[in-house]
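Reader: I have not looked at this one before. Can we go through a few residues together?

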Amino acid sequence: MTLARRGLMAALGLLAAAYVVIAWTMVSMAVVADREPVESTPAEYGMAYEDVAFLPRMPEQRADEGPLTLHGWWIPADTGQTGEESSAVIIVHGLDSNRAREPETWMPFIRSLRDQGFSVLLFDLRAHGESDGEITSAGYYERYDVLGAFDLAQNRYGVPARRAGVLAFSMGGAASVLAAAEEPQLRALVIDSSFANIDDLFAVEIADRTPLPAWTVGALRPGMELLARMRYGIRLSALKPEEAISEIGFPALLIHAEDDTRIDIGHSERIAAAATHPQTTLLRFPDGGHSGAYEAHPQEFLTAVAAYFRRQFGAQPP
């Protein structure tokens, strides 16, 4: 072998090693969430509640991680307001958040749902708040957290499956679409500001969560897919809510603010367009930013969400 060929081979080896190291670094940093402490309770806002701890529907996602316990609150409905069957809304937060997100804004919303006869289950996704876990997976494993919450509402609190719905935000929305595609008994889903396909969001999120520029992601994406699957069992290619929505046989309600700069409203437009149920609706708000439509338009948001859940909980399954 000539000296020039040896030099070329060495250079290619160094490039390959650098590729693996950088892809590994990006994946390792991307799966770490900012764990925010839970600093308020429903009692501070005049609501009785019960602390709950439960397992995801698949308690052992990885043999080396062991079973995860998720923590949350069960807020019972104001039973004096309704003589109907029990019903529940499961609220799923987004990335780097927790069940007590922005309490001054969201606890009054929770109280309004309770006062209208809905019990509410709030919980921390894995690796967030007070729940176990060290990695986040953009919705891939979190869908099992949503399904565990759905099971809890039925098995512990006696809520009929057809009267347990989900209201989810951002990454929690993506996880919830994936969960609904796997659970035919789930018949009510409100999604605020979800992404449609992780490939379209990856560059922005990696640039935000790692020191590398967004333009590097395209070249590194195949290596990241392989390493994410090998190390964490995460299939990035499965994170496509715009495909999963086609498996859902009931009308979903999508919500998005037109000025969202983190996840463009085009993501929700694509999810809505891919839905197979003709009554799936995208409710657009002119402002509010990412997952902020309620804060900007509280009454319109509450009215639309409550009306949707009442309609779905009263509908007969097909």
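Reader: Which residues does phenylalanine 109 touch, not counting those up to four places away in sequence?
Author: This is a predicted model. In it, phenylalanine 109 touches Ile91, Leu167, Tyr294, Phe301, Leu302 and Val305.

Reader: And which residues touch the most other members of the largest nonpolar core?
Author: Ile91, Phe109, Leu167, Phe301 and Phe309 do, out of the 87 residues in that core. In soluble globular proteins, nonpolar side chains tend to be buried together.

Reader: Switching to glycine 129: where is it found?
Author: Glycine 129 sits in the loop between β4 (119–123) and α3 (142–155).

Reader: Buried or exposed?
Author: Glycine 129 is buried, because its relative accessible area is 11% and the cut-off for buried is under 20%.

Reader: What is glycine 129 in contact with, leaving aside neighbours within four places in sequence?
Author: Its contacts are Arg35, Glu36, Val38, Ser97, Asn98 and Asp124. Arginine 35 is 94 residues away from glycine 129 in sequence, yet their C-alpha atoms are 5.7 Å apart.

Reader: Next, serine 193. What is its phi?
Author: Serine 193 has a positive phi of about 65 degrees, although it is not a glycine. It lies in the loop between β6 (189–192) and α5 (198–209), and with a relative accessibility of 0% it counts as buried.

Reader: What about the phi of serine 291?
Author: Serine 291 also is not a glycine, and its phi is positive, at about 55 degrees. The loop it belongs to runs between β8 (281–285) and α9 (293–296).

Reader: Is serine 291 buried or exposed?
Author: Buried, at 7% relative accessibility.

Methods: Residues are numbered from 1 along each chain as its sequence is written. This is a predicted model: local features need pLDDT of at least 70, side-chain atom pairs count only at pLDDT 80 or more; totals for chains, interfaces and linings use all residues. Side-chain values use heavy atoms; hydrogens and water are left out. Helices (H or I, at least four residues) and strands (E, at least two) are DSSP runs, numbered from the N terminus. Buried means under 20% relative accessible area, exposed over 50%, partly exposed in between (1.4 Å probe, protein chains only). Contact means heavy atoms within 4.5 Å. A nonpolar core is a set of buried Ala, Val, Leu, Ile, Met, Phe, Trp, Tyr and Cys residues joined through side-chain atoms within 4.5 Å.
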